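Hi there,

Here is the structure I promised to pass on to you. Have a look at it first, and then read my notes below.

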Amino acid sequence: MTRTFLGLPGPRPGAAGEGFPARAARAVRDSQLRFNLRKATRTIRARRAGVVSELPDWAELRRAGKAIKDHTLRNLDAYLLQLEEAVTRAGGHVHWAADAAEANRIVAGLVRATGETEVVKVKSMVTQETGLNEALLAEGITAYETDLAELIVQLGDDRPSHILVPAIHRNRAEIREVFAGRMAGWGRPAPEDLTDDPPALAEAARVHLRERFLATKVAISGANFAVAETGTMVVLESEGNGRMCLTLPETLITVVGIEKLVPTWRDLEVFLQLLPRSSTGERMNPYTSMWTGATEGQEFHLVLLDNGRTGVLADETGRQALRCIRCSACLNVCPVYERVGGHAYGSVYPGPIGAILTPQLHGMESELERSLPYASSLCGACYEVCPVAIDIPAVLVHLRAKTRHPVAERAGMAAAGWVLERSGRLARMQRLGGRLRRLAPERLPGPMGGWSDTRDVPELPAESFRAWWERTDGGRR
Amino acid sequence: MYGLTIFGLTIQEGSVRVALFITCVNDTLFPGTGRAVVTLLRRLGVDVDFPAAQTCCGQMHVNTGYRDEGARLAHHTIAAFSGYDAVVVPSGSCAAMVREQYPRLPGPPGFAAAVAETTPRVHELTEFLVDVLGVTDVGAYFPHRVTYHPTCHSLRGLHLGDRPLRLLRKVRGLELVPLPNEEECCGFGGTFAVKNADVSAAMCADKVRAVLDTGAEVLCAADNSCLTHIGGTLGRQKTGVRVMHLAEILAATEPVTGAAGVARGGRGGAA
Ligand code: SF4
């Protein structure tokens, strides 16, 4: 099996050989990062909770969202063909890409055919997954991100750290610095007197981007949904920048993961309620663009991407991850994400969904991928908020059972299992522990030391419960 | 004495068999919690059995990725409790393990049927008190300022809801103070606390701050594993806040500080 490219960054900000614990430990010590994340995730979390609680039928919507996605995934072969036919009928061109490299090759070829060397991009997770910008650059094509947060990330030569708010790790003072220092190198410079006032920052970005929209002839997007019955693409965004890209340029290339399909417009209705409330905490999405095929004088290409998805589909427990609509509610509510941010996950998909998606799409060869299913306390907050009811803790546990475990841990677990398999053995160990309890060290040995560094170790009692029960006949003697 | 109502049937004391699933953590580290459960249930007219074959539900193994080893412990546990009308567990996470994860585990022929047969009879302690026995006033006396941490598996796994709070509100002398951001994980997560010790400690630091903000003397929960984690940090920081399993508070009747409770939260902190 070829390894799926998942937009994993190179040596920065941490190689794939470095596991989540080490990356997370570094992030946890960055107090500015923790402050930024805490503030941002708590705000958005509260907003989501507010707008979700006002819908009396949220539980039913969630069940419907899950059921529609499950049905679509079960019949994906038929719906994909239906979509291809509908898009073609409406004047679009459909391309199939088995992996990231093929998708990038197709897109680069399409751009080259237009004779252009610059493209504008609508915020899209899937083109980050394929590493499209880097691939285009290698072909002499420059891709300009137009989503405000993606612009901040691109100008800052940074990495996105959140699905929806890629620059969540940055505060406005840091953003001002990026704009003031870098905009000039990419196009229209930021005004001399730029402040860190949010409207001033937004205005600087608007003026910078406006020139780009008017001058660029090719646009690249992803899609939140693709409606099979009509071949309609759907993009949800909140700035209107996406709509500029989707309407102005002469050629539009849309890359879509094959799991993004919904059968009908009626199905779409459910998701147009679930997604905005779960992601931005809005009742309705501000800019929802939909298009079917190509308009006169314009060209539309659809690239359907697998990149490991059919493999995930074959796993009975793991396949529910493909229901994901990338709302990022699970990131915002995750206590681990809140303290370490997105970069620690080392993939374009961070947080709880990343912890189950990355190892499934990409395999569990590296230290990082093997450690991702353990990047969770299994607190269940993600499952509770997920609008398509992905049981993330269950998938994490499922993936943990598939990983290769460290030798010392295997030995420890085998020993513990042996003791716990018979009550007589457990009782003997308890008696031994009770006798040796004064010898117990204050700092636990080996990997257990992480516990005793910040916490006291519980004291072993002289007598276990079962010994007490036996001695006193359950307290009756 | 109470007649016991199980599955809508009121059965006189003595004719139903109730087992205590103490859990390996309580059995080995916190026998005081087990004694408190026995005291409490006897006071309510329920004479529990302690099936001596029981050991561990297998959660640590399964959740750490040792599914087959964990499944063997699950088979053992299901066998140890077969034939009982009710099984009481003073641990939200072990009860959630049985109810949520056992049906997903592999097993020998008959295991799935035994799980389906047994799991509806497995009750976390507060479920047993409120739903099965139908009591919220258990006759306890505990004159202290107490805050309650709902723990993730009790809250989101078992959906215990306000059962523990209803029980605590009826404890005479007890002043219940709400814990800010109570629904947030304390960072224990079993082997998570060891594998991702830094993140776990950062989560616990926030939980400890929330506990201290309440001004409570005692932090209680329905799970000793989370309490060991939070209490270990409270103890290390010499905060003076004690942690107690909910059962120890509900069993307390004497107006003497720490009578039924086992003071923990530090080496040498035990009374
Ligand atoms: S897993 Fe669920 S909550 Fe997380 S991004 Fe996907 S749809 Fe949203």
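In helix 8 of chain A, the residues Leu148(A), Leu151(A), Ile152(A), Gln154(A) and Leu155(A) meet Ile175(A), Val178(A), Phe179(A), Arg182(A), Met183(A) and Trp186(A) of helix 9 of chain A; contact here means heavy atoms within 4.5 Å. Helices are DSSP runs of H or I with at least four residues, strands are runs of E with at least two, and both are numbered from the N terminus. The residues of this contact divide into nine nonpolar, one polar and one charged. Helix 8 of chain A covers residues 148–155 and helix 9 of chain A covers residues 172–186; their axes come within 9 Å and cross at roughly 75°. That makes the two helices roughly perpendicular (65 to 115 degrees; under 35 is roughly parallel, over 145 roughly antiparallel, the rest oblique). The axes are lines fitted to C-alpha atoms, for helices over the stretch in contact, and the angles run from 0 to 180 degrees between N-to-C directions.

Please keep in mind that this is a predicted model, where local features need pLDDT of at least 70, side-chain atom pairs count only at pLDDT 80 or more, and totals for chains, interfaces and linings use all residues. Residues are numbered from 1 along each chain as its sequence is written, chains are lettered from A and ligands numbered from 1 in the order in which they are written, and side-chain values use heavy atoms, with hydrogens and water left out.

Chain B has a helix pair to look at too. Helix 11 (residues 197–214) and helix 12 (residues 224–236) of chain B pack at an angle of about 75°, with their axes 10 Å apart. Helix 11 of chain B is therefore roughly perpendicular to helix 12 of chain B. Their contact residues divide into five nonpolar, three polar and one charged; among them are Cys204(B) and Leu212(B) in helix 11, and Ile230(B) and Leu234(B) in helix 12.

Ala222(B) is buried, with a relative accessible area of 1% (buried is under 20%, exposed over 50%, partly exposed in between, with a 1.4 Å probe and protein chains only). Leaving aside residues up to four places away in sequence, Ala222(B) touches Pro90(B), Ser91(B), Gly92(B), Glu124(B), Tyr148(B), Ser154(B) and His245(B).

As for chain B overall, there are 13 helices and nine strands, and buried residues make up 61% of its 271 residues.

Most residues other than glycine have a negative phi. Thr151(B), though not a glycine, has a positive phi of about 55°; Thr151(B) lies in the loop between strand 6 (145–148) and helix 8 (152–157) of chain B, and at 2% relative accessibility it counts as buried. Leu378(A) has a positive phi near 60° and counts as buried at 8% relative accessibility.

Finally, the interface: 67 residues from chain A and 67 residues from chain B take part in the contact. The two chains bury about 5600 Å² between them, 57% of it on carbon and sulfur atoms; buried area is the accessible area (1.4 Å probe) that two parts lose on being put together, summed over both.

Best wishes

Technical notes:
Nonpolar A, V, L, I, M, F, W, Y, C, P; charged D, E, K, R; others polar.
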